[in-house]
Amino acid sequence: MKRSSFNRLMIQLLGTGVALALSACATMEPVHVARVELRALPTTTLSDQQFLTGQREDNPVTITGELRIPTMGKDKLPAVVLLHGSSGISGFVDDWAQFINGMGVATFVLDSFTARGIESLNNDQSRLSRLATTVDAYRALELLAKHPRIDPERIVVMGFSRGGQAALYAAMKRFQRLHGPEGKGFAGYLVFYPDCRTRYREDEDLADRPIRILHGNADDYNPVDACRDYVQSLRKAGKKVQLIEYAGAAHVFDWVMLKEPRKLTKAQTTRNCRLEERDNGVLFNSRSGQPFTYADPCVEYGPTIAYHADAHQAAQKNVREFLVTALKLSAAGKP
């Protein structure tokens with residue numbers, strides 16, 4: 001590796017580690033782990049159209065992730081891959097990593113932004129395709145499946161908002177054939193407040209693994225109605241999917257540091273859009289019949305994010321129950 005490339009990689013690794021360490025300091029009772037590894041992860045930055053038409057090799061990039069191994073020894077542990085949202089690795093992602101580590105489960109927190117020169121996508125979602133993060137999730141699965149301390153049959157993906165959308169559609173068999181690691185799949189899909197307003201071809205043909213969507217019914221960033229419709233169609237198709245709604249909860253209801261609701265006046269939301277995949281992997285606005293861009297009139301601004309203590313507490317219970325089942329943990333929530 002050339003020195004310049006090496007230096008860039010080290011900056012990315014250190015940047016990710018510092019950000020996560022600072023976030024951990026903000027948590028009142030940090031969970032101690034046996035080992036932390038910063039891992040380089042080769043992936044690609046595909047457009048949605050490239051992804052949907054099966055193109056695999058273009059715009060290579062090396063992103064980073066933080067692997068936390070909670071216990072000493074040589075036994076193989078279950079793991080959870082965490083995919084952040086449009087703001088990058090916010091504090092609540094680290095909070096969830098610590099919660100999961102406390103169950104004796106390894107976590108791999110991906111940083112899909114830094115190496116791509118992105119700090120946030122809130123105000124300009126066009127800078128990175130939605131499906132690029134799904135590719136990142138597949139590459140993380142591939143990497144973890146080879147790790148000597150990780151059980152390749154017990155890896156769950158967990159995503160938030162934009163990352164939740166990536167985690168949800170990572171369950172599609174078509175996408176797994178196009179971009180997933182051969183012969184490997186996630187043991188479950190844990191999805192927080194995703195955007196369900198895009199319908200892809202074959203999006204009802206999902207992997208036979210449990211899927212749980214956790215959503216607030218007061219979310220004005222990614223309103224829950226589209227997820228209700230999608231889940232209804234999936235359940236009719238016999239899929240193992242469950243939607244849990246929390247009354248009165250807004251977007252990012254699980255971030256304790258949001259002491260007061262915040263209106264993101266310049267943030268883009270597709271809450272008034274309905275998108276569908278058509279020929280040659282092009283996404284269309286299904287109402288206007290025109291190819292979709294973020295200049296589309298259906299794109300709105302000014303969603304709200306807000307903490308909701310009751311929803312957060314309920315979500316912790318729901319996450320624990322899901323992981324106990326999907327990762328085959330003991331009743332006490334341990335491997």
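Helix 3 and helix 8 lie oblique to each other in this predicted model. Their axes meet at an angle of about 45°.

**Helix 3 against helix 8**

- Helix 3 covers residues 91–101, and helix 8 covers residues 309–326.
- The two helix axes are 11 Å apart.
- The crossing of helix 3 past helix 8 is right-handed.
- Helix 3 brings Trp96, Phe99 and Ile100 to the contact.
- Helix 8 brings His312, Ala315, Gln316, Val319, Arg320 and Leu323.
- Sorted by class, this contact has six nonpolar residues, two polar residues and one charged residue.

**The cavity**

- The largest cavity has a volume of about 60 Å³.
- Its lining includes Ser86, Gln125, Arg130, Ser161, Arg162 and Asp195.
- Tyr221, Asn222, Gln268, Thr269 and Thr270 also line the largest cavity.
- By class, the lining of the largest cavity has seven polar, three charged and one nonpolar residue.

Notes. Residues are numbered from 1 along each chain as its sequence is written. This is a predicted model: local features need pLDDT of at least 70, side-chain atom pairs count only at pLDDT 80 or more; totals for chains, interfaces and linings use all residues. Side-chain values use heavy atoms; hydrogens and water are left out. On a 1 Å grid over the protein atoms alone, a cavity is a set of points where a 1.4 Å probe fits but cannot get out, and a pocket is an open set with protein on both sides within 12 Å along at least five of seven lines; lining residues have an atom within 4 Å of a point. Grid points are joined across faces, edges and corners, and a volume is the space filled by probe spheres set on the points. Ala, Val, Leu, Ile, Met, Phe, Trp, Tyr, Cys and Pro count as nonpolar, Asp, Glu, Lys and Arg as charged, and the others, Gly among them, as polar. Axes are lines fitted to C-alpha atoms, for helices over the stretch in contact, and angles run from 0 to 180 degrees between N-to-C directions. Helices (H or I, at least four residues) and strands (E, at least two) are DSSP runs, numbered from the N terminus. Angles under 35 degrees count as roughly parallel, over 145 as roughly antiparallel, 65 to 115 as roughly perpendicular and the rest as oblique. A crossing is left-handed if the near helix is turned anticlockwise from the far one by less than a right angle, and right-handed if clockwise. Contact means heavy atoms within 4.5 Å.
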